[in-house]
Amino acid sequence: MEKDVILKVENISKQYRLGTLGTGTITHDVNRWWHLIRGKEDPYLKIGEINDRSTKGSSEYVWALKDISFEVKKGEILGIIGKNGAGKSTLLKILSKVTGPTTGAIKSKGRIASLLEVGTGFHPEMTGRENIFLNGAILGMTKKEIQSKLDEIISFSGCERYIDTPVKRYSSGMTVRLAFAVAAFLEPDILVVDEVLAVGDAEFQKKAIGKMQDISSTDGRTVLFVSHNMAAVKNLCSRGVVLGNGRTLFSGDIDSAVNFYLKNTKSVKKYKNNKTTKLNYIAEVFISDINGKSILNSLKKKKEYFLNFILDLNKVEGVKFGTTLISEMNEPIISFPFEEEFKKTSKYHLKIKLPTTILKGGSYFVEAALWNAGEVYDKSEEYISFDLLGDSKLEKSGEKIKGIVLNKEEWLTKNI
Amino acid sequence: MQKDKWLFEITPKNNLLDLNLKEVWQYRDLLMLFVKRDVVTLYKQTILGPLWYLIQPLFTSIVFTLIFNKIANISTGGIPPFLFNLAGVTSWNYFKECLTGTSDTFKKNQAIFGKVYFPRIIMPMSTVISNLIKFGIQFLIFLCFYLYYVFDGSEVRPNNLILTYPLVLLCMAMLGLGAGMIISSMVTKYRDLTFLVSFGVQLLMYVSLVSLPYSLFEKNNLAWAVDFNPVAHIVEYSRYVLLGEGTVSQFGVIYTLVFSVVIFLFGILVFNKTEKSFIDTI
């Protein structure tokens with residue numbers, strides 16, 4: 001029904017200029033202005049390129065978003081998914097009016113509030129109470145609204161004792177709690193939540209996600225949720241929009257959207273060394289399945305995968321090799337030292353099984369190095385990366401698992 | 001089918017003079033909270049606290065009196081030199097604070113502007129208002145000295161035109177805010193202006209009649225140097241209405257009024273145009 005539509009995004013595009021701003025900028029500005037006064041179109045709008053971060057382009061203008069359109073109905077939780085650089089944050093920025101679109105329009109029937117980051121505008125010299133008012137007002141509440149919710153906000157934050165102390169004396173955790181308490185009592189018609197919000201301790205995350213569910217289920221308000229966490233998206237949202245390189249790739253019910261995303265985002269890349277200046281020691285890195293076929297989409301937990309390295313030792317002797325998986329949060333997860341000695345042959349194909357059973361769902365980077373007694377022949381922290389789909393019940397519910405790896409042993413249960 | 005009613009639209013372009021006063025009004029509490037923040041936090045954790053509001057103009061006036069009137073022997077007519085300077089410094093300070101306070105609006109607040117939306121003009125407006133409070137305090141101290149000199153038998157008397165003094169303040173606010181908004185908008189892309197402001201304001205002070213009377217410029221055939229400076233007219237005019245001495249011309253008054261309004265409107269125009277996408281270029 002047309003009537004229920006609360007937010008309508010029509011052909012939103014956003015262009016960015018790459019590189020640094022300097023003396024060159026003014027010539028473009030003059031040129032643009034010259035076109036404008038002659039009633040012509042902005043010349044730089046035509047030369048924008050698809051925003052693909054990894055390929056080198058010829059134009060310094062890129063489209064961070066290109067012709068994005070969708071509608072959101074009242075009370076719906078819409079998930080916006082896409083890889084890094086797909087345009088999610090830009091879209092959120094435009095929705096929350098932080099920056100304007102280059103072309104297109106967004107029409108809304110309700111107040112939009114965004115939780116791009118909590119605690120914006122906190123002043124360290126002011127007390128907790130003063131900051132509640134200031135922060136609330138920045139987020140769009142009136143003084144009266146804040147006054148009526150003040151007690152609730154303070155008790156939700158759990159900072160009663162410190163409420164009349166300047167915020168600079170707070171621990172960082174207390175600042176976040178206070179900030180989130182203010183945000184939690186916002187009552188917008190449409191709430192825009194970025195995943196960035198979910199950075200923080202487990203308790204905070206749980207509160208944030210719980211609050212979002214409350215907002216839409218009990219109050220019937222609309223939520224736009226942006227995330228990489230497929231499990232959380234699947235759990236929370238009813239519909240999804242998949243963005244890729246600034247374009248809408250898919251829009252529909254959440255299950256199909258997530259499936260589409262997983263199938264179509266090539267989350268595993270093959271690494272092939274094509275440096276010409278250096279000898280290729282680690283020549284190729286890729287992931288293969290049990291049959292040796294190289295894999296380019298997301299990994300599923302139930303299957304077996306292998307990490308492959310093609311090494312070219314270039315006749316150096318006594319070298320050591322090792323590889324480590326690094327998590328998204330940049331923690332080293334598990335190392336695979338190579339303990340055998342390299343023989344005379346200078347080319348090797350090393351293969352090791354990925355311990356998918358103990359890995360949590362998420363993105364991983366593969367670090368590898370070839371060295372000998374302090375001399376590093378070849379090393380990179382990010383030869384390739386891959387996505388692993390989490391399948392435990394806990395992960396699917398969007399809860400955060402604290403451990404770095406998962407247990408693969410079984411519980412022994414007995415009724416007593 | 002009935003046409004949908006939208007609460008608001010987000011589009012790339014907005015009307016040039018779309019001040020969106022309704023929205024500013026909705027955010028009036030925020031405006032007052034920012035004012036409160038500025039006033040309260042400025043001198044936190046200082047020993048003298050708000051006394052700094054007074055020390056700065058008093059000492060400036062004392063130094064000016066020593067240099068310009070005692071050493072350089074510049075005559076201030078029948079007015080005690082210290083009062084002459086204090087009147088000039090108090091007025092000039094308000095303009096200066098408005099200008100420098102608003103001229104880095106976008107740069108100073110990019111963290112907060114990058115995260116949440118509220119009418120951006122709230123920020124410079126709050127600066128102008130909190131400076132008004134500061135001005136009020138400084139004006140009170142001026143009044144104290146004023147009364148002292150009156151009882152001491154000096155020939156200072158306010159003019160009938162004293163009633164127009166609020167208008168003088170308005171003019172200064174418009175001028176400072178307007179110029180500040182223009183500069184802050186341009187600074188988002190080209191940082192050069194930041195350097196200009198810091199030393200330009202200093203230079204401007206010398207041709208703004210803060211410590212020199214208009215008659216002195218006239219005597220040296222340098223009137224042209226101040227005639228086109230609206231701030232000079234404002235400072236001279238305010239001294240005229242407060243102390244009863246000064247050179248006020250019809251040209252000066254009209255020129256200043258028109259100039260202030262034009263700068264102010266132009267400032268809003270430029271500011272409005274910038275606020276939508278400055279976050280991409282800053």
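**Entry 1: terms and ground rules.** I count two strands as paired if DSSP finds at least two bridges between them. Helices (H or I, at least four residues) and strands (E, at least two) are DSSP runs, numbered from the N terminus. The model is predicted: local features need pLDDT of at least 70, side-chain atom pairs count only at pLDDT 80 or more, and totals for chains, interfaces and linings use all residues. Residues are numbered from 1 along each chain as its sequence is written, and chains are lettered from A and ligands numbered from 1 in the order in which they are written.

**Entry 2: a sheet in chain A.** I looked up the open sheet of four strands in chain A, which runs β15-β14-β17-β18 with antiparallel pairing. Its edge strands are β15 (332–338) and β18 (375–388) of chain A, each pairing on one side only. I then followed β17 (residues 362–372) of chain A, which is joined to β18(A) by ten bridges in the antiparallel sense. In that pair I found A:A369 bridged to A:K379 of β18(A).

**Entry 3: chain B as a whole.** I find 14 helices and one strand in chain B. Its radius of gyration (over C-alpha atoms) is 21 Å, close to the 19 Å that the globule rule gives for 282 residues, so chain B is as compact as a globular protein of that length. The globule rule is 2.2 Å times the number of residues to the power 0.38. Along the principal axes, the C-alpha atoms of chain B fill a box of roughly 80 × 45 × 35 Å. I call a residue buried if 20 or more other C-beta atoms, placed from the backbone, lie within 10 Å of its own; 40% of the 282 residues of chain B qualify.

**Entry 4: helix α8 of chain B.** I checked α8 (residues 165–187) of chain B, where 23 residues reach 33 Å from first C-alpha to last, close to the 33 Å expected at 1.5 Å a residue. The expected span is 1.5 Å times one less than the number of residues.

**Entry 5: where the chains meet.** Taking contact as C-beta atoms, placed from the backbone, within 7 Å, I find 26 residues of chain B touching 35 residues of chain A. On the chain B side, β1 (8–10), α2 (28–42) and α14 (278–281) each give two or more residues. The largest share, five residues, comes from α2(B). I also looked at β1(B), which runs antiparallel to β5 (residues 103–108) of chain A, with three bridges joining them. There A:I106 stands opposite B:I10.

Note on methods. Contact = placed C-beta atoms within 7 Å. Buried ≥ 20, exposed ≤ 12 C-beta atoms within 10 Å, placed from the backbone.
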